[in-house]
Amino acid sequence: MFKIYYFFILILQIGIIGLMFRLGIKNIQGDTLKKEYMPLYMRIKSDVINKITAGELKKGDRLPSERMLAKTFGVSRVTIVGALSELAKEGIINKIQGSGSYINCDFLEEKYSDIFTHITSRATTEISFGVFKPDIQYEFTIKTLARVFQLENPDVRVKVVAINPAASDVDDVYLLKIGSGEAPTVGEFFLHADYAAINGLMPLEEMPGFQELTETLYPQCFYRTKNANGEEHVHALASKINARVVLANIDLMNKAGITNTETLPDMQTLAEWVRILGKYTSRQKTEHYGCFMDIPFGWHGIIGEFPYLWSAQKTLMENYSLESYIKFIESENCRKGFEAMANLYASGNPAPENGPDLFAFGRVGLGLSSSYWPVVLNKMMIQKFNIKAYLIPSEIPDVPAKSVMGNYSLGIFRSAVKTEAELDAAWKWIKFLFRKKQQFLQTSDYSFPAVKKLPNVLKKSHPELACVFEKSLLHSNPQFDFRNIRKALIVTGEGFKQCVVDQKPSRQCIAGILEQLKSL
């Protein structure tokens with residue numbers, strides 16, 4: 001499994017490197033850039049550095065004269081002077097008046113995570129980009145795109161910073177970084193109303209090209225949040241998106257005696273499938289399970305269950321506010337949703353917390369509110385089985401429930417912007433990440449691009465599954481977001497877990513949720 005995974009990463013990296021050099025000639029929109037996308041003096045500087053790295057040039061070695069270098073490279077002496085000046089600024093050579101230029105070091109410290117070190121110039125403006133909980137593949141992709149960006153914008157360097165979750169599920173890492181003055185210039189995050197409420201994010205509407213950019217995105221990809229003065233602004237834009245579906249292991253379902261799997265019309269059918277699979281898998285000697293569902297921990301896991309809570313209703317939240325959220329939790333639909341999920345859990349021989357992993361191994365029948373992650377895992381497995389996706393059903397036949405459009409959004413942190421040049425660079429970087437090919441590369445994890453009508457990796461590898469995920473996205477509600485949302489989700493998740501896992505009465509669990517929500 002791990003060999004296949006790293007082989008996949010290697011192939012992707014090779015493709016990204018090839019794309020980088022293609023991007024150097026034409027940008028993603030097809031507009032021709034300057035022929036010399038890397039200045040000539042930079043090529044000469046890179047040649048000297050590479051020879052030092054290879055051991056061909058050592059400390060104390062004298063470089064050929066400027067005239068000789070100009071002849072060797074076929075350039076003017078002005079270009080050679082520019083290259084030598086850059087090398088001297090970085091302490092790589094010493095220029096001695098009347099004598100020449102000498103190598104000043106035996107070796108250069110290599111940054112092995114950055115294979116483009118020697119082909120990007122020293123920038124005058126540096127911004128940081130916080131990438132939330134990245135894996136090796138995604139971090140490499142973003143670092144590569146940062147170097148492509150610098151080829152287009154030589155004066156700007158984007159420093160990629162991994163943002164790992166806070167030690168406590170209750171705390172939010174970005175809130176902690178805003179408070180300590182350590183927020184990155186641009187951040188990738190999930191849910192941001194709390195940041196906006198303390199003026200942590202810059203409003204984006206007045207940035208140049210904002211309107212043109214948002215017209216290319218799915219409308220659910222941006223929404224307004226309130227700042228400290230109660231003013232509403234667009235503080236972030238979703239860069240990659242996803243929605244939930246029901247994933248089915250058709251082979252296991254057939255073994256259990258479920259053969260009519262063409263459609264999943266309603267909740268009654270889903271409940272029957274879960275019951276049959278639960279009964280069948282509980283009799284197996286091997287480790288098999290009827291279903292898996294997200295069991296909330298901290299503020300994570302509960303949002304995926306919301307399609308079952310509002311069911312066929314468009315949404316029971318009138319606006320993005322705690323008050324509207326409380327009304328939704330008080331609704332009869334929500335209570336029925338709690339009971340329906342508790343019944344599915346009780347009858348389905350549910351998988352433990354690593355249910356998505358077990359599904360990828362073929363040991364689970366149904367993922368009740370699944371993201372694309374089990375498909376990602378299964379892609380790496382030698383053992384394959386027939387996977388089918390369905391829209392999450394409601395109690396009304398052939399009327400699916402609406403998923404929530406999950407997203408990672410990009411925003412500019414106010415405290416990290418010190419100059420107009422940094423603000424300009426941050427916005428250029430955000431717009432760069434929304435170009436078409438950049439969007440495609442960011443969705444190598446099987447998420448969907450925020451730009452409308454673009455292909456992604458899931459569409460190429462699993463077109464039938466991608467079609468259902470896309471329908472779920474187009475049918476989805478925007479991500480709801482309001483101040484104290486994480487606390488509200490933690491409270492809701494705890495009550496949901498008591499009802500579903502501990503099988504406590506739904507009315508009792510919801511009453512406990514409401515009591516805590518009203519005290520926030």
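Two strands pair if DSSP finds at least two bridges between them. Helices (H or I, at least four residues) and strands (E, at least two) are DSSP runs, numbered from the N terminus.

1. **Basis.** This is a predicted model: local features need pLDDT of at least 70, side-chain atom pairs count only at pLDDT 80 or more, and totals for chains, interfaces and linings use all residues. Residues are numbered from 1 along each chain as its sequence is written, and side-chain values use heavy atoms, with hydrogens and water left out.

2. **Overall make-up.** The protein chain has 21 helices and 14 strands. Of its 520 residues, 53% count as buried. Buried means under 20% relative accessible area, exposed over 50%, partly exposed in between (1.4 Å probe, protein chains only). The chain exposes about 24200 Å², with carbon and sulfur atoms supplying 53% of that area. Accessible areas come from the Shrake-Rupley method with a 1.4 Å probe; for residues, only the protein chains shown count as cover.

3. **Contacts along the chain.** Contact means heavy atoms within 4.5 Å. Take the contacts between residues at least 6 apart in sequence: 75% of them join residues at least 24 apart.

4. Strand 9 (residues 245-249) pairs with strand 11 (residues 364-370) in the antiparallel sense, over 3 bridges. Within strand 11, Gly367 stands opposite Leu247.

5. Axes are lines fitted to C-alpha atoms, for helices over the stretch in contact, and angles run from 0 to 180 degrees between N-to-C directions.

6. Another open sheet has 6 strands in the order 4-3-5-13-8-14, and its pairing is mixed. Strand 4 (156-163) and strand 14 (448-449) are its edge strands, each pairing on one side only. Strand 5 (residues 186-189) and strand 13 (residues 406-412) run antiparallel, joined by 4 bridges. Val186 stands opposite Ile412 in strand 13. Helix 5 packs on this sheet, touching strand 3, strand 4, strand 5 and strand 8 (237-242), and its direction makes about 165° with that of strand 4. Helix 16 also packs on the sheet, touching strand 3, strand 4, strand 5, strand 8 and strand 13; its direction makes about 45° with that of strand 3.

7. **The helix pair.** How do helix 5 and helix 16 cross? Helix 5 (residues 136-152) and helix 16 have axes that come within 11 Å and cross at roughly 115°. The crossing is right-handed. A crossing is left-handed if the near helix is turned anticlockwise from the far one by less than a right angle, and right-handed if clockwise.

8. **The cores.** A nonpolar core is a set of buried Ala, Val, Leu, Ile, Met, Phe, Trp, Tyr and Cys residues joined through side-chain atoms within 4.5 Å. The largest has 67 residues, and Phe129, Leu237, Ile412, Trp429 and Phe434 have the most contacts inside it. Helix 16 (residues 420-433) gives the largest share, 8 residues. A second, separate core has 56 residues, including Ile302, Tyr390, Phe480 and Leu514. Beyond its neighbours within four places in sequence, Trp429 is in contact with residues including Ile127, Phe129, Ile142 and Val186.

9. Thr125 is found in strand 3 (residues 125-132). Why does Thr125 count as buried? Because its relative accessibility is 14%. Glu422 lies in helix 16 and is buried too, at 16% relative accessibility. Setting aside neighbours within four places in sequence, the contacts of Glu422 include Thr125, Glu126 and Ile127. The C-alpha atoms of Glu422 and Ser128 are separated by 9.8 Å, although these residues are 294 apart along the chain.

10. **The hairpin.** Strand 1 (residues 93-96) and strand 2 (residues 100-103) run antiparallel, joined by 4 bridges. Ile93 has Ile103 as its bridge partner in strand 2. The two strands form a hairpin with 3 residues between them, and Gly98 in the turn has a positive phi of about 80°.
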